[in-house]
Amino acid sequence: MSNESYANHIVDNARSTERLTTLELAEGVFSDFLELHGDRKFGEDAAIVGGIAKLNGKPVTIIGTQKGKDLKENIHRNFGSPNPEGYRKSIRLMKQAERFNRPVVTFINTSGAYCDIDSEDRGIGEAIAESLLVMSQLRVPILSIFIGEGGSGGALALGMGNKVWMLENTMYSVLSPEGFASILWKDSSRSKEAAEIMKLTPPNLLDLTVVDKVISETRRKVRLTKPELMNRIREEIEAALEEMMAWTPDQVVQQRQERFRKF
């Protein structure tokens, strides 16, 4: 498979409606998931979900972008593109996690934050910036996992983890291939060419140390079922959280800040 065809294969898979969602992972990987709503400032944003769950009997805060499986659900979820109140809900849950010494696991699948006039009026840029500031200073471990598409600041706003992982068929980039092609060549139809140039595939990002691990979605070249994949993800998360929860709060912050300052 050529570089171009591989990159576009990844883009197609990352955008598939069959991908695991944050809610599926919250209920399938963890136990006793309790969803929490609202940012306490404006309202609820269905494009970001979050709450408290348990992993091996230990409490964990889960936050993630949520896409739908069909058109009706995608409209309700705004196609996984959060408004400011979604990020402010995330900030509220992260601060709550810090207060109760719970690690945070974020799941990311978004083409980017929503950027209509209302979203701009309510401060989408400021909400993303505040999320990055809070995550940079949070004194509990953060594990960020890309489970589908990762686009622009809308993805980065949940992606500032001590460890950043990707599933095998996911992507992460500064913007969509269509947006890249529109800006560079004034021609969005060249998105396939753009995808190759952008180095948005997991192997590319692992080589660049943008991510720390790629979780395989296959075993002996056979695609894992959803339950099998969730079991694999659970095992990886358990090991990572056990390692990071042994760090002191100062070590947690220092490691995270050093990780991102390398870039």
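This is a predicted model: local features need pLDDT of at least 70, side-chain atom pairs count only at pLDDT 80 or more; totals for chains, interfaces and linings use all residues.
Let's start with helix H11, which covers residues 226-244. Its 19 residues reach 27 Å from the first C-alpha to the last, close to the 27 Å expected at 1.5 Å a residue. Buried along H11 are Leu229, Met230, Arg232, Ile233, Ile237, Ala240, Leu241 and Met244. Looking down the axis of H11, those buried residues fall within an arc of 160 degrees, so they line one face of the helix. The background is simple: an α-helix has 3.6 residues a turn, so residues three or four places apart point the same way. On the face of H11 turned away from the buried side sit the exposed residues Pro227, Glu235 and Glu242.

Next, the surface. Leu71, Ile75 and Phe79 make a nonpolar patch of about 330 Å². Phe79 belongs to the loop between helix H3 (71-76) and H4. With a relative accessible area of 43%, Phe79 counts as partly exposed, because that class lies between the 20% and 50% cut-offs.

Is Arg220 buried or exposed? At 76% relative accessibility, Arg220 counts as exposed, because the cut-off for that class is over 50%.

Methods: Residues are numbered from 1 along each chain as its sequence is written. Side-chain values use heavy atoms; hydrogens and water are left out. Buried means under 20% relative accessible area, exposed over 50%, partly exposed in between (1.4 Å probe, protein chains only). Helices (H or I, at least four residues) and strands (E, at least two) are DSSP runs, numbered from the N terminus. The expected span of a helix is 1.5 Å times one less than its number of residues. The arc is that of the directions from the helix axis to the C-beta atoms. Patches are made of residues with over 30% relative accessible area and no salt bridge: like charges are joined within 9 Å, nonpolar side chains (Val, Leu, Ile, Met, Phe, Trp, Tyr) within 5 Å. Accessible areas come from the Shrake-Rupley method with a 1.4 Å probe; for residues, only the protein chains shown count as cover. A salt bridge is a side-chain nitrogen of Lys or Arg within 4 Å of a carboxyl oxygen of Asp or Glu.
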